[in-house]
Amino acid sequence: IIQVIDYLIFRSHLIITFEVMSLNLYEFIKKNDFEGITQNLIRRFAIQISQALNFQQNHNLVHCDLKPENILLKKENKSGIRIIDFGSSCFLG
């Protein structure tokens, strides 16, 4: 899950700064001409997504907009990912 670095209110708008990230998963697949990715890389992504979903469940949080565009690579040539865009999220109950 994306890490918030800082935030401020400017002219009644909430401004949030996050860690710097790379491509989203859709752009990553598009960059590879939609050829697909290896099972090993899929496994690495799946483990991280499962951990993030478990974290959300433990905190009674529902993302509500989880899609490839909202999963970013930490670095373009690495398998680390972060989930972003919790603007539509809600708490259970």
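How many salt bridges does the structure hold? The structure, which is a predicted model, holds three.

E19 belongs to the loop between β2 (13–18) and α1, while R82 belongs to strand β5, so the pair ties together parts that are 63 residues apart in sequence. Both partners, E19 and R82, are buried.

In another pair, the side chains of K31 and E76 meet in a salt bridge, at 1.9 Å from N to O. Here too distant parts of the chain are linked: K31 is in helix α1 and E76 in the loop between β4 and β5, 45 residues apart. K31 is exposed, with a relative accessible area of 52%, whereas E76, with 38%, is partly exposed.

K67 and D65 form a further salt bridge, in which the closest N and O atoms are 3.6 Å apart. K67 is partly exposed, having a relative accessible area of 35%, and D65 is also partly exposed, at 23%.

The discussion now turns to the interior. In soluble globular proteins, nonpolar side chains tend to be buried together. The largest nonpolar core of this model comprises 10 residues: L25, F28, L41, F45, I49, A52, I71, L73, I81 and I83. At least two residues of this core come from each of α1 (25–31), α2 (39–58), β4 (71–73) and β5 (81–83). With four residues, α2 gives the most.

I81 shows how these elements meet. Leaving aside residues up to four places away in sequence, I81 touches L25, F45, Q48, I49, I71, L72, L73 and K74. Among these contacts, L25, F45, I49, I71 and L73 are themselves members of the core.

Which residues of α2 are buried? They are L41, F45, I49, A52 and Q56. Seen down the axis of α2, the buried residues fall within an arc of 60°, so they line one face of the helix. The face turned away from the buried side carries the exposed residues Q39, Q51, Q57 and N58. The buried residues of α2 are covered by elements that include α1, β3 (61–62), β4 and β5.

Among the buried residues of α2 is Q56, a glutamine in this helix. Why does Q56 count as buried? Its relative accessibility is 2%, and a residue is buried when this value is under 20%. The contacts of Q56, not counting residues up to four places away in sequence, are with I1, L61, V62, H63, I83 and F86. One of these, I83, is also part of the largest nonpolar core.

Most residues other than glycine have a negative phi, and most peptide bonds are trans. N60, which follows α2, has a positive phi of about 55° although it is not a glycine. This residue, N60, is found in the loop between α2 and β3 and counts as partly exposed at 39% relative accessibility. C64 likewise has a positive phi, near 75°, and is not a glycine. C64 is located in the loop between β3 and β4.

A disulfide is a covalent bond between the sulfur atoms of two cysteines. How many disulfides does a search of the whole structure find? The search finds zero.

How values were computed: Residues numbered from 1 in each chain as written. Predicted model: local features only at pLDDT ≥ 70, side-chain atom pairs only at ≥ 80, totals over all residues. Heavy atoms only, no water. Core = buried A, V, L, I, M, F, W, Y, C linked by side-chain atoms within 4.5 Å. Buried < 20%, exposed > 50% of the residue type's maximum accessible area, 1.4 Å probe, protein only. Contact = heavy atoms within 4.5 Å. Arc of directions from axis to C-beta. Disulfide = S-S within 2.5 Å. Salt bridge = Lys/Arg side-chain N within 4 Å of Asp/Glu carboxyl O.
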